[in-house]
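Hi,

Here is the model we talked about. Please open it before reading on; my notes follow.

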Amino acid sequence: MNFSYWELKEWFTNVDFTVVGSGIVGLNCALQLREKYPKAKILVLEKGVLPQGASTKNAGFACFGSLSELIDDLKTHTEEEVFNLVKKRWEGLQLLRTTLGDNNIDFQQNKGYELFLTTELYESCLGEKEVINKLLKPLFSSSIFTVESNKFNFQNIHENYITNNFEGQIDTGKMAAKLLEKVSSSGIKIINNIQVKKFIENNEQVVVETNQTTFNTKKLFIATNGFANQLLNENVQPARAQVLITKPIKNLHIKGTFHLDKGYYYFRNIDNRILFGGGRNLDFKGEETAEFGQTLLIQNKLEEILKTTILPNSKIEIEHCWSGIMGVGNQKKTIVKQLSNNVFYGVRLGGMGVAIGSLVGKELAQLMK
């Protein structure tokens, strides 16, 4: 495309900072840069019509880890590492709420519940409950995990489940819209439908080549998470998450966020509907993809669990399905690094973007001295 003189001058000339990705990380990075450099020319590039990654496609869980997940994490991480993971997620959630305001993201602390398919798994987690509560006690005023009976009348699960008293939920669409609004109102320019193909560092500038034009920027910040390896050589694996949502359900009695089968399935209430996602464990290899879409294997399983476990003996209609792309790896710790003098990146959020995205964006901006 041949841009006009005016377009090149206004959008692509004398650019101080360019952020690739308009998700939670990229937009928070841009906001932090604006705060530190109020007169800088800041550009955010987004390849999608809307944020392309998981920021507008996630389930809206304001969570920091279910009990079984944290127990599993202790098998591959030290106690200090697990504590720091939860601390970062918790601090990230508070930063998100402070930045945007609870009303603007429809934050509700309706608790989180972990459901168990077998007595064996329930008792195994129950035996470690106080170990995790004690480990995380410095972060919270009381025990995080407690036990409740099946008050939602789910079927084909253990009669008790583990309650997370500090877990909440947000409206993902409202969160993303408010964040985009906040960034735009600060004078940061956001360009959609533009994809970065490659970049080359040239002395004190970075040459950014896109599918629309090529321009120079003083500093480049990459915040593309699950799509990171399209620009970086890093240990980040794309992981697709498939999601469905029902039509409105009359007298829906379910309220909160729910984790099933070690968190491989997750559901919640929203607008008198059930939003239900997961099933990646049915085909790990097939879901290691940056391609959007659904598979019959996973969609059929989601519908089966919905009708036999979550809302048995109820008439349920599926209204819509979609997928999002997460960035995962062999470690839960995010990657926030300086690649070179003028290039920085923050990726691999491990499916915890709502919790840690704001904080990772802040850390990314702070890498530049």
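At what angle do helix 4 and helix 9 pack, and how far apart are their axes? The angle is about 85°, and the axes are 6 Å apart. That makes helix 4 roughly perpendicular to helix 9 (65 to 115 degrees counts as such). Axes are lines fitted to C-alpha atoms over the stretch in contact, with angles from 0 to 180 degrees between N-to-C directions.

This is a predicted model: local features need pLDDT of at least 70 and side-chain atom pairs 80 or more, while totals for chains, interfaces and linings use all residues. Residues are numbered from 1 along each chain as its sequence is written, and side-chain values use heavy atoms, without hydrogens or water.

Helix 9 covers residues 353-366. Its 14 residues should span 20 Å at 1.5 Å a residue, and the end C-alpha atoms are 19 Å apart, which agrees. The expected span is 1.5 Å times one less than the number of residues. Eleven of the 14 are buried (under 20% relative accessible area, 1.4 Å probe, protein chains only). They pack against several elements, including helix 2 (24-36) and strand 11 (214-222).

Strand 11 also pairs with strand 1, parallel, over five bridges (pairing needs at least two DSSP bridges). V20 is bridged to I222 there. Strand 1 also runs parallel to strand 2 (residues 42-45), joined by four bridges. T18 partners L43.

Best wishes

Notes: Helices (H or I, at least four residues) and strands (E, at least two) are DSSP runs, numbered from the N terminus. Buried means under 20% relative accessible area, exposed over 50%, partly exposed in between (1.4 Å probe, protein chains only). Contact means heavy atoms within 4.5 Å. Angles under 35 degrees count as roughly parallel, over 145 as roughly antiparallel, 65 to 115 as roughly perpendicular and the rest as oblique.
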